[in-house]
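Below is a walk through a protein model with DNA. Please keep the sequence and the coordinates in view while reading.

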There are 2 protein chains.
Amino acid sequence: MSTPATRLRADARRNVEGIRTAALDVFRERGLNSPLEEVARAAGVSKGTIYHRFGGRQGLIEAVVEELVAERIRGIGVAAGEIADPVERFEHYLREIWLLQYDEPAVNDVLLRALPGSEPVAALCEHAAETAARFLADAQATGVVRADVTPEDVDLLIWERGIIARACGQQPREGYRRRLEYTLRGLRAAA
Amino acid sequence: MSTPATRLRADARRNVEGIRTAALDVFRERGLNSPLEEVARAAGVSKGTIYHRFGGRQGLIEAVVEELVAERIRGIGVAAGEIADPVERFEHYLREIWLLQYDEPAVNDVLLRALPGSEPVAALCEHAAETAARFLADAQATGVVRADVTPEDVDLLIWERGIIARACGQQPREGYRRRLEYTLRGLRAAA
DNA sequence: GCGTTACTTGACGTCATGGTCAAGAACCGT
DNA sequence: ACGGTTCTTGACCATGACGTCAAGTAACGC
């Protein structure tokens with residue numbers, strides 16, 4: 001949709017942009033399962049137009065996922081990568097991902113792999129999982145993080161947080177954050 | 001419904017029992033939000049009958065919640081109460097509740113307070129929360145469990161597990177169990 | 001300006017769920 | 001075995017979502 005083979009008419013271009021913007025808003029607020037009619041209303045078009053322009057929910061998601069979440073997930077990986085201490089790096093990465101899951105419900109719809117068949121989304125998950133695995137291995141090498149934690153455990157801890165954050169509703173961020181630390185602390189080897 | 005003012009007709013009594021049994025099955029399998037039509041089918045009656053006999057989902061739940069989960073939740077409290085070591089007692093209680101949440105999806109619908117306005121269900125939650133708080137306080141008194149953990153934290157840790165267990169799907173029990181230990185370990189004070 | 005074509009609309013069909021109720025079936029006392 | 005009463009049924013309405021398409025509207029090229 002970004003560089004169409006045949007140039008779009010002016011109103012169509014306007015609408016595509018409007019829908020993208022509206023989708024960012026609505027998806028941020030309510031997650032990727034929001035009714036498309038909601039997006040349509042916010043964009044001031046009818047839902048038929050969304051189907052025309054994006055082919056349905058999947059296409060729409062793929063059109064906004066980069067701006068919506070991919071950048072931020074990758075940003076966290078990069079920021080963590082700059083931390084020298086492996087344990088701190090690993091824990092910082094996990095903590096930030098977990099907080100992002102709280103702050104952006106849409107992240108969970110991606111991380112929960114709730115969108116089978118979407119190549120860009122799958123790639124994003126893959127990338128996040130690999131980053132986590134790398135950081136985990138480094139952190140375990142120091143002996144501070146338990147050796148019996150598997151990369152799959154980390155994936156699932158992220159998955160679990162996604163489920164929680166999605167259901168979080170009005171839970172205060174501070175308590176959520178504090179409970180993250182319990183799990184993080186539990187990943188360390190006994191002293 | 002257990003001791004009706006006016007004696008029920010034979011077919012009605014038969015149906016009430018059939019519906020209760022079917023509800024136990026269906027609720028165990030799919031949680032307390034299963035379509036009532038499902039229960040009706042399993043009981044070999046039509047859904048109208050359920051509305052007649054139990055007044056709707058809420059009434060039906062109240063009619064089975066005792067057998068479905070209350071007994072087991074209380075059982076865990078009692079069993080834990082017999083453990084002498086406060087830390088072990090606290091951890092055992094939490095672990096068993098968490099596992100029950102995995103094993104019986106219906107427990108979560110109760111513990112998640114997803115049934116506003118149901119007195120017996122609310123009482124059950126209350127009881128579980130109080131038990132947990134008591135065990136927590138004892139465990140903290142030994143200095144082994146972090147002093148900054150609040151009873152509300154424990155409530156919410158249980159709540160979080162409920163959300164997770166409910167979404168768990170095909171996740172293997174063993175991994176679920178292992179990840180519980182991370183959190184449990186995280187509740188202990190640093191050594 | 002005007003015809004052609006791209007674009008948009010919103011009503012429609014569908015599905016899954018919750019809940020209701022008039023009409024018919026089953027039971028029970030006599 | 002029959003009448004009155006209790007009980008059950010399943011069609012019915014409502015809601016809220018998805019996805020489609022014929023018909024109407026608006027932009028573009030000339």
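This is a predicted model: local features need pLDDT of at least 70, side-chain atom pairs count only at pLDDT 80 or more; totals for chains, interfaces and linings use all residues.

Residues are numbered from 1 along each chain as its sequence is written, chains are lettered from A and ligands numbered from 1 in the order in which they are written, and side-chain values use heavy atoms, with hydrogens and water left out.

Chain A has nine helices and zero strands, where helices (H or I, at least four residues) and strands (E, at least two) are DSSP runs numbered from the N terminus. Its pattern along the sequence is accordingly written α-α-α-α-α-α-α-α-α. Taken along the principal axes, the box filled by the C-alpha atoms of chain A is roughly 65 × 35 × 25 Å.

Next come the DNA strands. A residue is near a strand if one of its heavy atoms lies within 4 Å of it. Around DNA strand C there are 21 residues, of which Arg9(A), Asn15(A), Ala10(B), Lys47(B) and Arg57(B) come nearest. Which parts of the strand face the protein? Of the atoms of DNA strand C within 4 Å of the protein, 66% belong to sugar or phosphate and the rest to bases.

A polar side-chain atom of Arg9(A) is 2.6 Å from a base nitrogen of DNA strand C. Phosphate oxygens of DNA strand C lie 2.7 Å from a polar side-chain atom of Thr49(A) and 3.0 Å from one of Arg53(A). Helices H1 (10-30) and H3 (47-54) of chain A and helices H1 (10-30) and H3 (47-54) of chain B each supply at least two residues of the surface near DNA strand C. H3(A) gives the most, with five residues. By class, this surface has seven nonpolar, five polar and nine charged residues, counting Ala, Val, Leu, Ile, Met, Phe, Trp, Tyr, Cys and Pro as nonpolar, Asp, Glu, Lys and Arg as charged, and the others, Gly among them, as polar.

DNA strand D is also surrounded by 21 residues, the closest being Lys47(A), Tyr51(A), Arg57(A), Arg9(B) and Asn15(B). For DNA strand D, 67% of the atoms within 4 Å of the protein belong to sugar or phosphate and the rest to bases. A polar side-chain atom of Arg9(A) lies 3.4 Å from a base nitrogen of DNA strand D. At the phosphates of DNA strand D, one oxygen is 3.4 Å from a polar backbone atom of Leu36(A), and an oxygen is 2.9 Å from a side-chain N or O atom of Arg53(B). H1 and H3 of chain A together with H1 and H3 of chain B give two or more residues each to the surface near DNA strand D. H3(B) gives the most to that surface, with four residues.

Last are the cavities. On a 1 Å grid over the protein atoms alone, a cavity is a set of points where a 1.4 Å probe fits but cannot get out, and lining residues have an atom within 4 Å of a point. Grid points are joined across faces, edges and corners, and a volume is the space filled by probe spheres set on the points. There are four cavities of 30 Å³ or more. The largest cavity has a volume of about 100 Å³, and its lining includes Tyr93(B), Arg113(B), Asp155(B) and Trp159(B). The second largest cavity has a volume of about 80 Å³; among its lining residues are Arg113(A) and Asp155(A).

Key. A polar contact is a pair of N or O atoms within 3.5 Å; within protein, one must be able to donate a hydrogen and the other to accept it, and residues adjacent in sequence count only if both atoms are side-chain atoms. On a 1 Å grid over the protein atoms alone, a cavity is a set of points where a 1.4 Å probe fits but cannot get out, and a pocket is an open set with protein on both sides within 12 Å along at least five of seven lines; lining residues have an atom within 4 Å of a point.
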